[in-house]
2 protein chains.
Amino acid sequence: MDLKQIAKDTAKTLISYLTYQAMRTVLAQLSETDPPRALWLQQFSARQNLQEGEAYLRALLAERPDLAYRIMTVREHIAAEVLDYLPEMAKTGIQQANMEHRRSHLERLTSAPGSLPVTHPEAGSPLQNPTPETE
Amino acid sequence: MDLKQIAKDTAKTLISYLTYQAMRTVLAQLSETDPPRALWLQQFSARQNLQEGEAYLRALLAERPDLAYRIMTVREHIAAEVLDYLPEMAKTGIQQANMEHRRSHLERLTSAPGSLPVTHPEAGSPLQNPTPETE
């Protein structure tokens with residue numbers, strides 16, 4: 001497991017996602033103040049691959065630099081405001097989700113129609129209908 | 001701009017991405033130790049939408065709980081190892097990328113065929129061969 005490479009790739013994904021959120025923020029602002037420009041940005045963004053944040057900005061810079069600069073400024077602002085909270089939020093989110101998955105998997109096992117009656121292992125009665133889940 | 005909602009959505013995206021990286025890690029391990037299971041996981045994952053990490057795990061839990069549990073454990077481990085570095089990496093990455101976009105946009109402006117020759121306003125003689133770097 002190359003944790004350094006994973007960290008780098010994750011940072012890149014994170015930046016692209018913040019670029020997408022910045023685009024949406026600028027889009028919402030323009031919808032209020034300048035609907036035709038909002039429409040243009042919406043159509044442009046629908047044609048682009050927003051999973052590649054930097055390629056998106058390069059393409060936008062070539063066509064409407066004013067909008068590209070605005071999105072760059074907004075993503076820097078969003079980054080400054082939210083990034084520091086993310087490690088804790090993501091760690092807690094993963095722990096809770098893992099716990100929830102384990103809980104509901106156990107529930108499914110114990111409530112499955114063909115599941116084992118809950119007996120002591122040494123009880124001696126053969127299994128009626130063993131399912132793949134039971135082990 | 002609803003920063004709280006953006007932070008929540010970003011954490012969710014981040015968790016799904018770490019789930020994807022955990023799947024890839026488990027896949028790489030299985031390729032060494034148990035190629036048939038690696039193949040199964042690869043085909044299963046190709047059919048699923050990995051952008052929804054929890055839905056992916058729920059589907060996997062229903063078919064191969066052992067693999068789902070392993071991915072859950074690995075993503076928790078990856079999260080513990082990389083998350084704390086991400087805010088700084090992403091902030092620096094955004095600042096550098098923004099700077100790079102501004103620089104190359106300026107370069108394109110000054111090297112465009114129709115652009116003004118770069119001269120001192122009072123010099124009077126146009127430069128023979130203005131390069132993008134001159135300013």
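1. Let's start with chain A: 38% of its 135 residues count as buried, where buried means under 20% relative accessible area, exposed over 50%, and partly exposed in between (1.4 Å probe, protein chains only). Keep in mind that this is a predicted model, in which local features need pLDDT of at least 70, side-chain atom pairs count only at pLDDT 80 or more, and totals for chains, interfaces and linings use all residues. Residues are numbered from 1 along each chain as its sequence is written, chains are lettered from A and ligands numbered from 1 in the order in which they are written, and side-chain values use heavy atoms, with hydrogens and water left out.

2. Chain A has five helices and zero strands. (Helices are DSSP runs of H or I with at least four residues, strands are E runs with at least two, and both are numbered from the N terminus.)

3. Now for the two chains together. Chain B brings 49 residues into contact with 50 residues of chain A, contact being heavy atoms within 4.5 Å. Between them, about 4,800 Å² is buried, and carbon and sulfur atoms give 71% of that. This buried area is the accessible area (1.4 Å probe) that two parts lose on being put together, summed over both. B:Met1, B:Ile94 and B:His101 supply 13% of what chain B buries against chain A, more than any other three residues.

4. Which salt bridges join the chains? There are two between chain B and chain A, a salt bridge being a side-chain nitrogen of Lys or Arg within 4 Å of a carboxyl oxygen of Asp or Glu. One pairs B:Asp84 with A:Lys91 (3.1 Å, N to O). A:Asp84 and B:Lys91 also pair up, with their closest N and O atoms 3.0 Å apart. That pair runs from the loop between helix H4 (65-82) and helix H5 (86-111) of chain A to helix H5 of chain B.

5. Have a look inside chain A too, at the salt bridge between A:Lys12 and A:Glu52 (3.7 Å, N to O). A:Lys12 is in helix H1 (residues 3-33) and A:Glu52 in the loop between helix H2 (35-47) and helix H3 (53-63), so the pair ties together parts that are 40 residues apart in sequence. A:Glu52 counts as partly exposed because its relative accessibility is 36%.

6. In chain B, B:Glu52 and B:Lys12 form a salt bridge, with closest N and O atoms 3.8 Å apart. B:Glu52 is in the loop between helix H2 (35-47) and H3, while B:Lys12 is in helix H1, 40 residues apart.
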